Amino acid sequence: MTRHVLALLCSFFVAACAVYDFPDPTPEDFAIHGIDVSRYQGDIDWRAAKRDDVEFAFIKATEGGDYADPKFMEYWYKAKAAGIPRGAYHFYYFCRTGLEQAQWFIENVPYDPDALPPVLDMEWNGHSKTCKKRPGKDEVIREMKAFLHTVEAHYGKKPIIYSSVDFHRERLVGEKNGYEFWLRSVASHPRHKYDGRDGWTFWQYTAEGEVDGIDGPVDRNVFYGTRSEWEEWLTGERRSG
């Protein structure tokens, strides 16, 4: 094959790739799947969940500065006993300071060096009866940093930020703060919903998942990476923002 013919074929291939609309990855394309849970899941058979390929779990621990999920401690210890890596998350409340909320989280979540990084859940809560506040971006970022820095100093792990589409669009677009993101996107792949947030680590793709050991629907998530990358991430070797 002459050099000219080879160049022509290469040019054709590149052009064809440029116009072809490659399909988005689906959740099934990812190797590592997990769940996130709160008291609404009731009693969980964690060993059955593990047999059903649940490889990680994020468990609601606290909300605001005075609420602790009543199932947290049970889930926390039983998930570990079943061999499922798990971490705790805090649901943010806009009528408390970030420092107050970090202190409350620390009071309720045991220090465990084997745990996944803690998670700060940032989303609007339009159902709250006690707090209708929607602070501006500067205040949100300032208070988030207070929470994140305090929690990181205590647990020795940089927290993950969870966000919903609307909250991210209104308060977090353009924030390059060195934290990993866990994104909720149940309608389509996150790249269609989150501006400038391609480097996410976890994707919550449905609230209607089914898992052995859990009665009723549960949030399902995937890790962005291969199985070997997951093993590296668990040891802290592949964590970035």
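This is a predicted model: local features need pLDDT of at least 70, side-chain atom pairs count only at pLDDT 80 or more; totals for chains, interfaces and linings use all residues.
Let me start with the largest pocket, which is lined by 24 residues, with Ser-38, Tyr-40, Lys-60, Tyr-89 and Phe-91 lying nearest its centre. Two or more residues of this lining come from each of the elements β1 (33–37), β2 (57–63), β4 (86–91), β7 (180–184), β8 (202–209) and β9 (218–223). Here strands (E, at least two residues) and helices (H or I, at least four) are DSSP runs, numbered from the N terminus.

Residues are numbered from 1 along each chain as its sequence is written, and side-chain values use heavy atoms, with hydrogens and water left out.

As for the terms, on a 1 Å grid over the protein atoms alone, a pocket is an open set of points with protein on both sides within 12 Å along at least five of seven lines, a cavity is a set where a 1.4 Å probe fits but cannot get out, and lining residues have an atom within 4 Å of a point. Grid points are joined across faces, edges and corners, and a volume is the space filled by probe spheres set on the points.

By that account the largest pocket holds about 720 Å³ of space. There are also two cavities of 30 Å³ or more. The largest cavity, with about 100 Å³, is lined by 13 residues, and Asp-112, Ala-115, Leu-116, Pro-118 and Tyr-155 lie nearest its centre. The second largest cavity has about 40 Å³, and the residues that line it are Ile-141, Met-144, Lys-145, Leu-148, Asn-177 and Tyr-179.

Is Phe-181 buried or exposed? Phe-181 counts as buried because its relative accessible area is 2%. Leaving aside neighbours within four places in sequence, Phe-181 is in contact (heavy atoms within 4.5 Å) with Ile-160, Ile-161, His-168, Leu-172, Arg-197, Trp-200, Thr-201 and Phe-202. Finally, Phe-181 and Tyr-162 are 19 residues apart in sequence, while their C-alpha atoms are 5.8 Å apart in space.

Note on methods:
Buried means under 20% relative accessible area, exposed over 50%, partly exposed in between (1.4 Å probe, protein chains only).
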